[in-house]
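Please read the following points with the sequence and the structure side by side.

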Amino acid sequence: MATNSDIFQDIEQVKTAISDLMDLSSKYGATSAEAVISKSKGITVSSRCQELENIEFNQEGALGITVYVGQHKGSASTADLSHEALEQTVQAAVDIAKYTSEDAFSGLVDKSELATDIPDLDLYHPHQIEPDEAIEYCIQAEKTAFDTDARITNSDGASLSSYEGFKVYGNSHGFIQGYPSTRHSLSCSVIAQEQEEMQRDYAYTVERIFSNMQSADWVGSKAAASAVAMLNARKLDTCQVPVLFDAEIASALFGHLVSAISGGSLYRKSSFLLDSVGKQIFPDFVTIEERPHILQGLASSPFDSEGVTTKDRNIIEAGVLTTYLLTGYSGRKLGLETTGHAGGIHNWLVKPSDRDRQSLIKKMDRGLLVTELMGQGVNTVTGDYSRGAAGFWVENGEIQFPVSEVTIAGNLTDMFNKIIGIGADVEHRGAVQTGSILIENMQVAGN
């Protein structure tokens, strides 16, 4: 692991290399250029049935450069930051550009869009952990799972990862900026068995700061409880009922929104939300805020992958779509400005309308609580939605029994419109932070 001073020295070294690349790109005939490196190093340790399975030390990261010769684009990369290697990389990128087709929309973002104030978002918290200590975390998580319930009979393993790294982006507008970050996680997956039936489930914790993670005991006991709860699962007869998406998987619904309003889908006309800015696509109680500068946020970033300033904005306001998610390229294709979303979204906060999951179960009264989704049956061109699911049947506002081997189906346009509740049980372990989501009705296909 690097010390604090080491990583900042590395960042400065990469900044110098990128500055050299910009000079070289001009020397070899490029009219503009950009370069980026994301470098990480760390350790991953895994156990299986309370015995060490694997230890991996990883270090990766290459410097990629893209040059533009007029409207022709060429790219190349190198892991060697020596002057000779940088010169060869630029030459290769320029040579490639000579053979690529002209694209009127290619090029850098406008200089005025670039970040000028780079806030410290407190993303860097390295943790020195020895392999023996990491192994103890994994084994403890599994041990707790086995101790939680006698029906936990096997394990798919536990894994601990601790990584640190940095990102630096620069271009020929004179922008060269970078920042370090860390990410630590612990997960455990176990198998519960009763007679001939087996169920698998898992739990995990992830944080920027190692000590902020949930304990190994928490991870193990949660994995065990989730697996045991699914034993003796039943199938359902096909029906149309309300469906409640548990907070741990509810973010997937908004993941489909991200795909549908991203510039690439829009300029290709492969989205069910074409021409939807300014239109009501959710009930008026739904608001989604984007907050890129949350301290220690898992999806926080001071600038996007093109150096564009990330800004607070409301994506959905009182149910109305207020913006698309655009890069420099997709913005030009659509005749719009970039929104700073090259590389993805930044901390979406979905505003709750109800209390916790239990209050939504009461509100649903009778229907399906979904805790697991399977398959990829979502068509973002039409909005058609069909995925395998497992969870629990609810009757009279109470969980009755576990359910497996069903398919839930609908259309995302209708599903978004038929959201009737969002819980305050917010899941914070991802780029979309939302509570459980209750949809008025969906098709549940079973027997």
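1. Please keep in mind throughout that this is a predicted model. Lys-143 has a relative accessible area of 37% and is therefore partly exposed, since that class lies between the limits of 20% and 50%. Its partner in a salt bridge is Asp-147, with 2.8 Å from N to O. Asp-147, at a relative accessible area of 54%, is exposed, because the limit for that word is over 50%.

2. Where do Asp-147 and Lys-143 lie? Both belong to helix 3, which covers residues 131-148, and they are four residues apart, or about one turn of the helix.

3. A second salt bridge joins the side chains of Arg-357 and Asp-246, at 2.7 Å from N to O. This pair connects distant parts of the chain, 111 residues apart: Arg-357 is in helix 8 (residues 357-364), whereas Asp-246 is in the loop between strand 8 (239-245) and helix 5 (247-260).

4. Is Asp-246 buried or exposed? With a relative accessibility of 10%, Asp-246 is buried, because buried means under 20%.

5. Lys-363 is partly exposed, with a relative accessibility of 41%.

6. Salt bridges can also be linked to one another, as in the network that holds Lys-222, Glu-248, Glu-427 and Arg-429. Over the whole structure, the search finds 16 salt bridges.

Key: Residues numbered from 1 in each chain as written. Predicted model: local features only at pLDDT ≥ 70, side-chain atom pairs only at ≥ 80, totals over all residues. Heavy atoms only, no water. Salt bridge = Lys/Arg side-chain N within 4 Å of Asp/Glu carboxyl O. Helix = DSSP H or I, 4+ residues; strand = E, 2+ residues; numbered from the N terminus. Buried < 20%, exposed > 50% of the residue type's maximum accessible area, 1.4 Å probe, protein only.
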